[in-house]
Amino acid sequence: VVAFRGTQEIEDILTDISAFKRFKKELSGKIHSGFYQAFLDIYPQLEKCLSIYKAKRQPVIFTGHSLGGALALLAAKWWYDFGGIVARVVTFGCPRVFVKDSARFYDLNSLTFRYEASGDVIPHLPLLLMGYAHVGSCIYLSDHKILQHTWFLRRLFGLAVLARTQGKKHSIKNYISILNDEQKETVKLHKPIFLSLVFLLCSCS
């Protein structure tokens, strides 16, 4: 499992996203330039760590929270294009990374699951109006329930709680709390999520 920790303060996350408004044509498509630069910063270490798994043809799970989710998506795509085997991509509170046209050619949609908690604003950034789009399947967490393919308006309503929660809905601890309450249902969805949560929790300490 390769886990990427996200930015810890929501103010920093909003600053990071707003600071990079341009996209960059890399990794077989147009992607958020700020996220791509962050990926380049970790690329040498990532390549070194994963080289042994490519030789053994061993599947790898990529996971991340917040900006770490963006890195997980880019790392998984690079690993797949590099000839590696991707077992699963699981993100929590992940922002949009790919420009809409490029998102259509993301090869790992069937293996990618993104968790979005009610009231978490980060998955709605960068804005659709800027041309960005999500990839993979959304699993929406609302009122301690796990829902798939939820109506957009219901997700939008969840953003109304952002002001009074001061960004707490975005924390990895909030995601873990909701998923712990629905543990049995989560197991039915896909087991690798528990490995993802364990690694993310350890990386936050």
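**Exercise 1. Work out how helices α2 and α3 meet in this predicted model.**

Start with the hand: the crossing of α2 and α3 is right-handed, a term for a near helix turned clockwise from the far one by less than a right angle, with anticlockwise being left-handed. Both helices are DSSP runs (H or I, at least four residues; strands are E, at least two), numbered from the N terminus.

Next, list the partners. From α2 come Phe35, Tyr36, Ala38, Phe39, Ile42, Tyr43, Leu46, Glu47, Leu50, Tyr53 and Lys54, and from α3 come Leu67, Ala70, Leu71, Leu74, Ala75, Trp78 and Trp79. Contact here means heavy atoms within 4.5 Å.

Now sort these residues: 16 are nonpolar, none polar and 2 charged. The nonpolar set is Ala, Val, Leu, Ile, Met, Phe, Trp, Tyr, Cys and Pro; Asp, Glu, Lys and Arg are charged, and the others, Gly among them, polar.

Finally, take the angle. The axes of α2 (residues 33-55) and α3 (residues 67-81) come within 10 Å and cross at roughly 50°. Axes are lines fitted to C-alpha atoms, for helices over the stretch in contact, with angles from 0 to 180 degrees between N-to-C directions. The helices are therefore oblique to each other: under 35 degrees is roughly parallel, over 145 roughly antiparallel, 65 to 115 roughly perpendicular, and the rest oblique.

A note on the ground rules: residues are numbered from 1 along each chain as its sequence is written, and side-chain values use heavy atoms, leaving out hydrogens and water. In this predicted model, local features need pLDDT of at least 70 and side-chain atom pairs count only at pLDDT 80 or more, while totals for chains, interfaces and linings use all residues.

**Exercise 2. Describe the surroundings of valine 89.**

Then check its cover: valine 89 is buried, at 0% relative accessible area (buried is under 20%, exposed over 50%, partly exposed in between; 1.4 Å probe, protein chains only). Leaving aside residues up to four places away in sequence, valine 89 touches Phe62, Ala72, Leu73, Ala76, Tyr106, Leu111, Thr112 and Phe113.

**Exercise 3. Which is buried and which partly exposed: arginine 57 or serine 66?**

Look at arginine 57 in the loop between α2 and β4 (60-65). Its phi is positive, about 55°, although arginine 57 is not a glycine. With a relative accessible area of 49%, arginine 57 is partly exposed.

Turn to serine 66, in the loop between β4 and α3. Its phi is near 60°, also positive in a non-glycine residue. Serine 66 is buried, at 0% relative accessibility.
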